[in-house]
Amino acid sequence: MTQHVSKKRRADELSDSDNFNTSDHEQEIKLNSIPYVANGSSNQSWQTTIEKVVQSVVSIHFCQVASFDTEDAVVSQATGFVVDSVNGYILTNRHVVGPGPFVGYAVFDNHEECDVKPIYRDPVHDFGVLQFEPKNIKYMKVSELTLRPDLAKVGCEIRVVGNDAGEKLSILSGFISRLDRNAPEYGSLTYNDFNTEYIQAAASATGGSSGSPVVDIDGYAVALQAGGSTESSTDFFFPVYRALRALRCIQKGEPISRGTIQVQWILRPFDECRRLGIRSDNEKTMRDKFPSIHGLLVAEVVLPEGPADGSLREGDTLISINGELVSSFVKVDEVLDSSVGQTVELVVDRNGKDLHFTIPVNDLHAITPARYLEVCGASFNDLSYQMARLYAIPVRGVFANRASGSFTLDTRDRCGWIIDSLDHKDTPDLDTFIEVLKSIPDCSRVQISFRHISDLHTIEESVVYIDRHWYSEFRLATRNDETGLWDFTNLQEKPLPPKPLRPLHAKFIDIPTEKPGCSKLGHSMVLVTAHFPLVMDGYKDNTSRGYGVIASAENGYVIISRKVVPHDLIEVFVTVAESIIVPAKVKFLHPLHNYAIVKYDPSLVEADVLTPNFSSNPLKRGDKVVFVGFNQNMRAVSDITKVSDIPVLNVPINPLSPRYRACNFEGIQVDSSVANPAPSGVLADEDGTIRALWLTYLGSVTDEGYDRVFGMGFDTSHINQIVSRCIANEGHLTDLRIIDSEFYALPVIQARLRGVPEEWIERVESRKDVERPQFFTVLRTSTPAIGMEASPLKVGDIVLSLNGHAVNKMADLDDMYTQTELQVEILRKKQIIKVTVPTVSTEKFNTSHLVYWSGALLQPPHQSVRQVMKNLPSSIYIMSRNQGSPATQYGLNSTQFVTHVNEQETPDLEAFINVVRGIPDNTYCKLRLVSFDNIPSALTLKTNYHYFPTSVIRKDEAEDKWIEIDFTKDGPVRLELN
């Protein structure tokens, strides 16, 4: 069992067919009726045996680098053992080798390490073979274990020697109690062995012991550790009959033939066979021929369209194959594996009648996928025999093993979708699916028909957006058993160009409301949808959406919450009147106040889009307003309500992974059960004049992993000036500046207790334009990024005035937007002092440079990181990492900082790229890191450029485009992403 996925199952989940004898008394009778096998288990003998065995056992550290078929990308540890020391063959589990791309290394008992490559994984049974280079092990003599499946007997004392629970070496003891249990079931949508007996014992093995040898007193490997129950000490071992055959074929250089008639058999006890109708003379014949058996093989699943379809039926009891009586899975495998491309003669008992069938034997490898497609951010393969068998469906179809990117069919379920058609064209197999995709222009929206494999009765229809620019890869990966790698083939140099956009007509429907002056506000609101191709600035969503407010219908500007548009490494669309979808560009991101401005081409929209009136008169508590907006189902709603409070707020920090949050703003709260849960809308006067935007604010993450969100109003008087400047400058606000500090409101009583002089208190209390007397104190100051000047403000400073004007409300800070420095009067330690506070250009706030290296996404620390850290160890911040990547395997974690590579200082991404480009493929390098809590550490990482090449993603400010530069073996390659 690997540490990531325990191949154990709860004992109470086992089916009745897993145990022939259901009572403890019956099980005891069965065990006592079989002679106990003694091998002289003295401690000294076992010690001698173990000393020899450990020379063959290895700890396997591996990555399954990509999702494929039944398995997700994963990093884990397991065990294997050498079965051929001359050729370097290691036997382990198939669920370790995995069906897809594998990268790993083996650590021997003396801590020597060498790379391993997969050379065989069985299509069905839980074993696989890895290979290492024996000459790379220089300091110990590698020994091999001999496979002796015939020595596995009930009562045999055994040892499981392996990497248990992540420990390098653990030795667990037990006794074999059964040889004839059915293969354990680990659940749906995952790998399950079938058509084989399993051995049962009590050894209490745990995660990491998958692939351990099960040895007897003489040191022979009698079985392979595979799985176990999570609620008892029961373990399940794979009998190595078929593994021994495969090993011999590999040693001889012969292909490992595997045959199938696409039938799952299951061992049923004789009492069940009798209930299924087996004749008494057939039972007697089988009992006489095989006196130790307690049941027979019964057809459990006959796959539609398979070789046996129309002949065999579920419930048929197998009597013979090719005239030979059969009672075991091993014999069935022997016959089928030697009969590929031929026919076999089967006799089954069906309701007391012997039926004879001639059935062709198919090649099992031919229905086992050995390639996958990466396109539009998703991954697909041909439907496998594994999946088809679980749901008793034909072995055909396009299977989405990672439904993401353009093919995010359900955010809760990324695996298990079968694609029936795309763009109104049937897609019965992967090759047809590829050809259909080639014919679809980039940026097209096409219809897709699909079903989930667990609910094939329900046919779902949707429209997907074909993204071949952000997700530029369109390649086929094919397994290469010679190299152990998967070879990539680019299927199309460039996608077909997008179809030209043309103007479309749409009609708005007025919003029903008690105030007729507000009914046209729906003409001023459009749905904004954002797609995120990468994780950046702490945002891990794939898509977000919400309604924005038209700032200029003539120019196509829309104001939207930064919950929807958090940064500009996204693709944005505007939907007008629930009718027209047009692309848009991010033009402005306010660093403090939770709104963004996007722009679409208004010439593409033939609809009555209206620019609303924005009030410059601030709202006050008690003001009556009309809420007009859209609820969580994106349906229009309205309500007449009152402003209940306007506090100064800062959205709480997300401590695990900082991301953008609003601060230094006055949030408008209303008494309305309609407005408060709504994600977007406006607060307006009765005549439709907008007084505030109703925005969604993104907060921290709950313990359950859900985002905390808040709905509040933001007064239009705070945005009018900036929006007007943005429109006047065609979306460019390069000279906008802010104070890079966070403030919170201090009530007068607290100000007095902290030493604010009475004249200042009287001054604020006498202001008629201040509804709530208060002062502002510094909560935190951001750590400056490279090129930024540190603020002289300190935590606890109370701000009294700015440029000679008292500061008692957030609008009093607006001078910061246009001035490079401010004269600020503060109270510090009960002393009034004057300081010059430099403002910071917001140009430097937006992330414009990322590096993808070894599966880790690196970026400069963004604003939210700088807000919560006292100092920055470097300008290389680990934002995220891919599952199955070297970054994950070797322990790079998000929110760490990289300071050195191979002892060379890397203060920024440019320096980092210059260093890592000199590191060869498949080579260890040393990294020095500092955690988010400023704890230093060091680790080593082995590069893998075949699966995880280095690339740079950068914003070309001149062209307002994101570009990607891939560093391949042939040199840098530039790609435009949007």
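Which residues is Val214 in contact with, leaving aside its neighbours within four places in sequence? I looked this up first, taking contact as heavy atoms within 4.5 Å. I found Ile158, Arg159, Val160, Tyr220, Ala221, Val222, Ala223, Leu224, Gln225 and Phe237.

A note on the source: this is a predicted model, where local features need pLDDT of at least 70, side-chain atom pairs count only at pLDDT 80 or more, and totals for chains, interfaces and linings use all residues. Residues are numbered from 1 along each chain as its sequence is written, and side-chain values use heavy atoms, with hydrogens and water left out.

Back to Val214. I placed Val214 in strand β11 (residues 213-215); strands here are DSSP runs of E, at least two residues, numbered from the N terminus. Val214 counts as buried because its relative accessibility is 0%, and buried means under 20% relative accessible area with a 1.4 Å probe, protein chains only. I also checked Gln225, which lies 11 residues along the chain from Val214, with 6.4 Å between their C-alpha atoms.

Next, the cores. I took a nonpolar core as a set of buried Ala, Val, Leu, Ile, Met, Phe, Trp, Tyr and Cys residues joined through side-chain atoms within 4.5 Å. The largest has 61 residues, and Met525 and Phe743 have the most contacts inside it. Strand β45 (residues 690-701) gives the most to this core, five residues.

Last, the strands. I saw β48 (residues 741-747) run antiparallel to β49 (residues 774-781), joined by seven bridges; pairing needs at least two bridges found by DSSP. Pro747 has Gln774 in β49 as its bridge partner.

Key. Helix = DSSP H or I, 4+ residues; strand = E, 2+ residues; numbered from the N terminus. Buried < 20%, exposed > 50% of the residue type's maximum accessible area, 1.4 Å probe, protein only.
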